[in-house]
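Trainee: Could we go through this one together? I'd like to pick out some residues and talk about where they sit.

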Amino acid sequence: WPTVITKHPGNISLKNAMKNANLSGTQKHIILLGTALGMKYLHSEKIPLNSLTTNKIFLDEESRPHIKFYGCNEDKRENYKMDARAFLLIAYELITGQPLKDKSNLQLIKDDKIREFFNKCIVSHNSIEFKDILAEFTNEQYSQLFESNDQEIASYLKEFGITDLTIRIKFTNIYYNISRSSLQAEIVGYEKVKDNLSVLEYVNYKGPKYNITRIGDHAFTGAQIKKLDFMPNSNVYRIGCSAFENSSLKEISLPPSVEEIGNYCFCGLKNLEILHFKGKALTLGKGCFEDCQSLEIVTFECTEDINIGVDSFKKCSQLKRFESRGVNISLGESCFSGASALSANEFKCDKLTIEKNCFENCTSLKTFAYKGIKSISIGSEAFHGCCALGIISLTECSIVSFNEGCLSHISKLNQLCVESDE
């Protein structure tokens with residue numbers, strides 16, 4: 001039988017320590033930081049705990065936390081969400097001294113920003129990752145809340161390579177996490193938001209300028225924003241997971257600085273009609289624009305490397321035209337699945353990679369014809385259910401690779417022309 005030998009952390013569970021009510025504010029803060037660090041590591045290894053309780057957190061002689069975990073749980077998105085929720089319920093009890101029974105108890109959290117964070121994540125059921133929870137709890141507001149010793153907190157975090165504490169500020173009804181060491185800011189939420197959201201180049205805080213480089217996960221989920229734009233010299237390079245999911249956006253103007261758009265970032269935008277991207281490199285995460293039912297046109301302008309993730313434009317039923325110009329273009333699995341109106345697509349590039357089921361059920365697609373692409377690879381069942389597709393023509397290509405079954409389930413295919421050096 002396999003055996004795992006680990007250092008025994010001691011016999012004091014967090015549950016018993018909380019009953020004894022002998023934990024200092026600094027100890028409580030470190031317990032939450034350490035637990036978040038442990039859960040962040042487990043999730044990075046695709047191991048959800050699924051049953052995090054105060055009985056499974058043990059304290060050593062210095063009251064440092066250790067997570068007790070045996071077994072293996074299913075790698076499901078729901079299990080990760082349950083871990084985050086369980087952690088926040090523990091955090092609430094450490095902060096207030098009472099378990100959270102209903103949302104009215106949130107008033108026991110005196111800090112408005114912290115209370116809003118707990119309301120967003122627990123009451124409104126917005127999912128959050130442990131990397132963002134850790135960023136939240138390293139915020140200056142929590143040191144003030146726990147009246148914790150900054151030197152002890154900094155020393156503990158330094159053991160894990162964390163040397164930068166963030167500060168949360170509010171400017172024109174938008175919340176930012178700012179980093180003193182890097183002079184960068186991340187948008188993490190909002191108090192109020194107008195129809196038009198214009199992302200600034202930087203924010204000022206007590207003198208220095210902090211360049212806005214990221215929009216955080218879930219920052220504007222469900223917000224009633226109709227237009228999103230950025231300052232001309234924008235520094236934003238990443239827009240996080242579900243950042244604008246199910247919002248009211250109708251118009252998006254992204255700056256060239258954006259290099260990554262997270263999973264489900266703009267998923268479910270019912271009013272969005274046109275997308276135009278520009279910049280040297282761009283990666284779209286899983287389901288990034290999934291179920292944007294009014295989206296008709298997508299264009300990329302001079303983007304050299306385009307990586308479009310799994311399900312990125314899935315169920316975009318009104319999408320008619322997709323144009324991209326670059327060097328390397330990768331279309332993820334089921335990328336355009338269910339885009340039933342898609343009839344025109346144009347790819348001008350050196351290398352084109354089409355993954356499995358990419359154009360599945362694109363029932364208006366009649367022709368797939370390209371000339372002069374140096375390397376093209378087509379995944380299995382890439383055109384599954386394309387009932388109108390009659391012509392596939394790939395000419396003057398250096399390398400053409402057909403994966404097994406890539407031309408299956410194309411009932412009306414009557415012309416296949418391939419010219420390649422290999």
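Mentor: Let's start with threonine 172, which counts as exposed at 57% relative accessibility; exposed means over 50% relative accessible area, buried under 20%, and partly exposed in between (1.4 Å probe, protein chains only). Before you dig in, this is a predicted model, where local features need pLDDT of at least 70, side-chain atom pairs count only at pLDDT 80 or more, and totals for chains, interfaces and linings use all residues. Residues are numbered from 1 along each chain as its sequence is written, and side-chain values use heavy atoms, with hydrogens and water left out.

Trainee: Okay, so what is phi of threonine 172 near?

Mentor: Threonine 172 lies in the loop between β4 (166-171) and β5 (174-179); strands (E, at least two residues) and helices (H or I, at least four) are DSSP runs numbered from the N terminus. Its phi is positive even though the residue is something other than glycine, with a value near 45°.

Trainee: And histidine 218, is that buried or exposed?

Mentor: Histidine 218 sits in the loop between β9 (209-215) and β10 (227-230). It isn't a glycine either, yet has a positive phi of about 65°. Its relative accessible area is 11%, so histidine 218 is buried.

Trainee: Which side chain does the side chain of glutamate 136 make a polar contact with?

Mentor: Glutamate 136 belongs to helix α5 (residues 130-137) and is buried, at 2% relative accessible area. Beyond its neighbours within four places in sequence, glutamate 136 is in contact (heavy atoms within 4.5 Å) with Phe117, Tyr142 and Arg168. A polar contact is a pair of N or O atoms within 3.5 Å; within protein, one must be able to donate a hydrogen and the other to accept it, and residues adjacent in sequence count only if both atoms are side-chain atoms. At 2.3 Å, the partner is the side chain of arginine 168.

Trainee: How many aromatic pairs does a search of the whole structure find?

Mentor: Rings of Phe, Tyr and Trp (its six-membered ring) pair if their centres lie within 6.5 Å; planes under 30 degrees apart are stacked, over 60 edge-to-face, and the rest tilted. With that rule, the search of the whole structure gives 25.

Trainee: What kind of pair do phenylalanine 87 and phenylalanine 130 make?

Mentor: Phenylalanine 87 is in helix α3 (residues 77-96) and phenylalanine 130 in helix α5, so the pair ties together parts 43 residues apart in sequence. The ring centres are 5.6 Å apart and the planes at 80°, so the pair is edge-to-face.
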